[in-house]
Amino acid sequence: MAQPTQVAYRTSKSIGILDAAPVYEQLPGFVRPEGNLRCCVYSPDGRFFAWASPEHVTVVDASVGHVVTTLPADNVYELGFSHAGTYIITWQRPSKDEKGDAVKNLKVWRTIDDNAGEGGERDVVGKFVQKSQTGWNLQYTSDEQYCARCVNNEVQFYESKDLGTVWNKLRVEGVSDFALSPGKTHSVAVFVPERKSQPAAVKVFNVPSFTQPVSQKTFFKGDKVNLKWNDEGTSVIVLAQTEVDKSNKSYYGETNMYILSANGGFDSRVQLDKEGPIHDVSWSPNSKEFGVVYGYMPAKTTIFNAKAVAQHSFNLAPRNTIIFSPHGRFVIVAGFGNLAGQMDIYDLEKNYEKVCTIEASNTSVCQWSPDGKHIMTATTSPRLRVDNGIRIWHVGGGLMYNEDINELYHVIWRPQSILQHPIGNPLHPVPTPHASAMEFLGKVKTPSKPAGAYRPPGARGTATPLAFKREDEGGAAFVREMMSGRDGAANGFGPRKRREVPGAEEVVQQLPPGAAPGGGVSLTTDGDENLSKAALKNKKKREAKKAKDAEAKAAGLTAPNGTVAAPQPSPSRSPERQDRARSQSKSGFNTPRPQSRKREGSRQRGPPLNTATPAPKQQQSNGTPAPPASQPAPEAPELTVSSPGAGSPHEKKIRSLHKKLRAIDDLKMRQAGGEKLEGTQVLKIGTEAGVRKELSDLGYTE
């Protein structure tokens, strides 16, 4: 019988190791540790399994579970192994010693040290100061001959057996990330982000020939990258991302993808035919093809060859993850995170035929087993603190194992070579599920008929219009607008865009009288084309005021017989002061009050009202009556009374109707300018015809 696959998991209180298919039982020789266990990890070759407790680090044989060694390292937060498991690396939180110097918190140990004491005491191979937890680990070559770490503006290389001396340096100004290639040849890819208007760059060097890069690519829109080498180390994919999307279409920045060969023979940008972000990219184990999930939802998934030429595209669907099986025969295209958790499995050797679809909601971890026949999904904390557990599925879609685990933090397959698990025919025969899977399936309720989206009564029983369908359901392609939802050319100004309903008939915009298309008032008279709306309005007010002033002056200062009318005494003056002459012109007549000092409300608004006013008595300076003049006093002219408080009820009615017309004209101007009026104001505009009819009935004609 083939060696069973193995799963290790860490909870808030313990660590467990499970022998998976086909036995599905806990590893017999493993004693489960209890307590606050911060991290656990397998060595890349699968020989060792290690975890860190607050006191020390424990390493066990992954096959049987027996303790191999213990490292005297306390408060370790990160663990790692070299490729063959020869070295184990620990990372502790940065701290300072009594002198204020930084403590070397990154330490490298030999996993099996013949000189170790009974309690695991041993000398470290090397130690460094590593402040950042991101990218904390050393990177080893596949043969463990060299290892490297990034320091200020350079990548330092060491011989694995001697970490006290720098073996070689790759000096690159501004380098922020690097990746050593796997495989037999040693190559390193370094990334320099853009700065001071200089483009970002990815350069590939052969180790140790650092004088000239064998391949390089420069590009903009690259604040950070993810460097993905294929298993043979012949090509590297560069997934570049910006922090901010300058096109204002996404909150999560822009993504672009490039591919470079390690020998300098090929480099190119990967052209994607659907707008939107790049969700995931993954190399096939055969190193000859890779898959990309990209575009706005529903996303598109495409398989490319090593020259970035598209080979096959799957149907559009809400997906954001792609994972190849260890043997390269199957591929999972799934939608996790904020998506429903559906996993489509395709057989690449049978013309990309779909094998099945698995419903795995709330999945936060999804991994292929080393045998290429099983898939593990898990729901972990702290992303979700409920329904935590592990489920193992067969590639044909059946559930094989289920275990609910409270506060599950980490789960991982034990690495094993594909030589230990020949693929054979993975679909037949289908293995027998574990009892836990049968129990779980027995408790799951059969889903009722989906209710579907809400449809209003008027749309029920009819086919859904294409405008309301998703792109993968036959609808139109989704076009992402600006985040604000406004047109970028408008810059936030101008009239509000009319809301458009997909599938509805086009509505012709009804403009108010005098309004111009797009808003504003149509006032394009001669010489007024370049005036603003406010300037035109003020101009009309000034012209109307001049016309009314001229009319009032002509009617109030000129009597019917052509003589100048005398002003009426102010009602606020006393009788004695009213009898006293205010001023007298050289011709002997009283000087009228200047027209500019008259109140606007005193303008004539109706038929003139003529009254006779006696001439004021003239007195001498001592107060005695003046003798009669040699010439008879001229006859007093008729006056036009224009006081608002005077006049008959008939005249008051006419003035009131004129006031209403002015208010209606003002409302019409505001409405033509695009202002939204209240209901009562709109009703007031509708009474204009009635007001004018009342004026005509009163005998007033304009």
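User: How many aromatic pairs does a search of the whole structure find?

Analyst: The search of the whole structure, which is a predicted model, finds 16 aromatic pairs.

User: What makes F30 and W51 an aromatic pair, and why is the pair called edge-to-face?

Analyst: The ring centres of F30 and W51 are 5.8 Å apart, and centres within 6.5 Å count as a pair. The planes of these two rings stand at 90° to each other, and since an angle over 60 degrees counts as edge-to-face, that is the name the pair receives.

User: Which parts of the chain does this pair tie together?

Analyst: F30 lies in the loop between β3 (25-26) and β4 (39-42), while W51 lies in strand β5 (residues 48-52), so the pair ties together parts that are 21 residues apart in sequence.

User: Why is the pair of Y146 and W167 called stacked?

Analyst: The planes of Y146 and W167 are 25° apart, with 4.2 Å from centre to centre; because planes under 30 degrees apart count as stacked, the pair is given that name.

User: What is found over the ring of Y77?

Analyst: The charged end of R38 sits over the ring of Y77, 4.4 Å from the ring's centre, and the distance cut-off for such a contact is within 6 Å.

Definitions and conventions. Residues numbered from 1 in each chain as written. Predicted model: local features only at pLDDT ≥ 70, side-chain atom pairs only at ≥ 80, totals over all residues. Heavy atoms only, no water. Phe/Tyr/Trp six-rings, centres within 6.5 Å; stacked < 30°, edge-to-face > 60°. Helix = DSSP H or I, 4+ residues; strand = E, 2+ residues; numbered from the N terminus. Lys NZ or Arg CZ within 6 Å of the ring centre and 35° of its normal.
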